[in-house]
Amino acid sequence: MNDLNTMVSSFSKEDQNAFISYLNKKNKRTDTKNIQLFKLLLNTELSSKAICIKLYGTNKKDAYHALRKRLFQSIIHFSANTSLEEENSLQMDVIKYLLASRNYLHQKQFKVAYKILNKAESVAIEHHLYALLNEIYYTQIQYANSLPFINLNEVIEKFNINKDKHHLEDQLNIVYSKLKQKLNRTSSNTTEDFQTLLNKTLNEYDITVIDTMSFKSLYKLLSIISISAFATNSYLKIESFLIDSYTAILQKKEKEKQPFYHIQIVYHIANTLFRNKKFAGSLAYLQKMHKLMDAQRRKYYASFKLKYNLLLTLNLNFTNQQADAIEILTSFIDKKHMDIEASLDIHLSLIMFYFQKNDFKKSHKLFSKLRHSDKWYKEKAGKEWVIKKNLAEILLHIELNNIDLVDSKLLSFKRHHYKYLKSINQQRVITYLNLVQLYYKNPEQVTTTNFKNKVKDSFEWIENKEEDIFVMSFYAWLKSKIHKDTIYNTTIDLISIT
């Protein structure tokens, strides 16, 4: 029964209005209570019993249960219809060509059917729609005796080549899912075992040859490699692999039209260069990304607008152009976006920008708009996003001198995140928070030699070029207290050393 509540809670305001309109058109009787139930379920504070009484005046369990089942089915149909409307038009076109050709084959209109199949094949090859190509070749082979103008051996060869490409894509999808599953677990050796798992899984599926891949396949592989970098904070180790792989495939696939995956690959490289604090290189790839977004009448511009502007402003912020970064990101706040994860990243980044600027009131005002539970944010943006949010919130309340809130947030952080941080070998986050708590309890000690030495001895320091830029940003706050400088100046000075 809780599935229905979860489905309803996932609806945006626009989705809610569209669904109510859908129900209005679907309802044939005026006394149908499905719209009323849907609106009541949006109020998460009401119990099932309370909703039932509001609907029927008494606790009619059977009627209420039946109504919930009907609403559940309506949501399924609405979601399916919406997905079909938004489905990739190219795939739908190929499917239509394929169905039409089979219809003409049944009518023995073989020449017409072949021309339509040929059109379907051309579109599917151009856009690497391997599953649909399999159906096209299967149909050509099936009716080969009725199509004497095609070369059966040639079609069989194309069928086998396509089957191998489709198989590679399936393998990459399996590897990606396995690694994501491993990353989401919180066993004691998650991070330690991850690189081993990556190599073992890639070898298991014999995924080594870059030049046989399409942009889509390479994107899937780069996504896998990026997961490894994210899990181990080792973006520096994957940088050359990403760029070399992209350069190799670009030379072979320049004319292939897979702009969606091409943009994704360029974004991956730009993001990796940013995480490695190579801002000029990141901006150069962002410029290439924007050019690809502008192509084909800006077909994919809206899909990548948030990611592009987020990464652009992060580069600007860390190259002493914070005012420009804030101006750009402000335009995205308080607007509904389909890309929830990127939207949340933008929100948290702008909070960070204001915080670094010592504009704590604006930072807190943005924080107050994050009204969902941490569980919801974990589902939408991941556990690491929640940890960053909670850490930033603690620092913000310290700056605003909200003493009671600091204590409760510190306890909450320890209770919810310490076990996980230890499981992924991120003890230094705990060490950092202990130092933050020391400062918070006795701020006057922060400039003493004892405190400076304690900070120095608390971490296993690594070279700045290898350190994560967001880790450095959190440390910059503590260092700004030690040296009595602004947070932003300290951050820029720390980054510029790299």
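The charged end of arginine 298 sits over the ring of tyrosine 301, 3.8 Å from the ring centre. A charge sits over a ring here if NZ of Lys or CZ of Arg is within 6 Å of the ring centre and within 35 degrees of the ring normal. Lysine 383 likewise lies over the face of tyrosine 420, at 5.0 Å from the ring centre. The model is predicted, so local features need pLDDT of at least 70 and side-chain atom pairs count only at pLDDT 80 or more, while totals for chains, interfaces and linings use all residues. Residues are numbered from 1 along each chain as its sequence is written, and side-chain values use heavy atoms, with hydrogens and water left out.

Turning to the nonpolar interior, a core is a set of buried Ala, Val, Leu, Ile, Met, Phe, Trp, Tyr and Cys residues joined through side-chain atoms within 4.5 Å. Buried means under 20% relative accessible area, exposed over 50%, and partly exposed in between (1.4 Å probe, protein chains only). The largest core holds 105 residues, of which Met289, Phe413 and Trp477 touch the most other members. Helix H17 (residues 340-356) supplies the largest share of this core, ten residues; helices (H or I, at least four residues) are DSSP runs, numbered from the N terminus. A separate core of 20 residues includes Phe19, Leu23, Phe38 and Phe78.

Rings of Phe, Tyr and Trp (its six-membered ring) pair if their centres lie within 6.5 Å, with planes under 30 degrees apart counted as stacked, over 60 as edge-to-face and the rest as tilted. The count comes to 17 aromatic pairs. Phenylalanine 19 and phenylalanine 38 have ring centres 4.9 Å apart and planes at 65°, so the pair is edge-to-face. Because phenylalanine 19 lies in helix H2 (residues 13-26) and phenylalanine 38 in helix H3 (residues 34-41), this pair ties together parts 19 residues apart in sequence. Both phenylalanines are buried. Tyrosine 439 and tryptophan 477 are also edge-to-face, with centres 5.5 Å apart and planes at 85°. Their helices are H22 (residues 427-441) for tyrosine 439 and H24 (residues 469-483) for tryptophan 477, so parts 38 residues apart in sequence are tied together.

Methods
Helix = DSSP H or I, 4+ residues; strand = E, 2+ residues; numbered from the N terminus.
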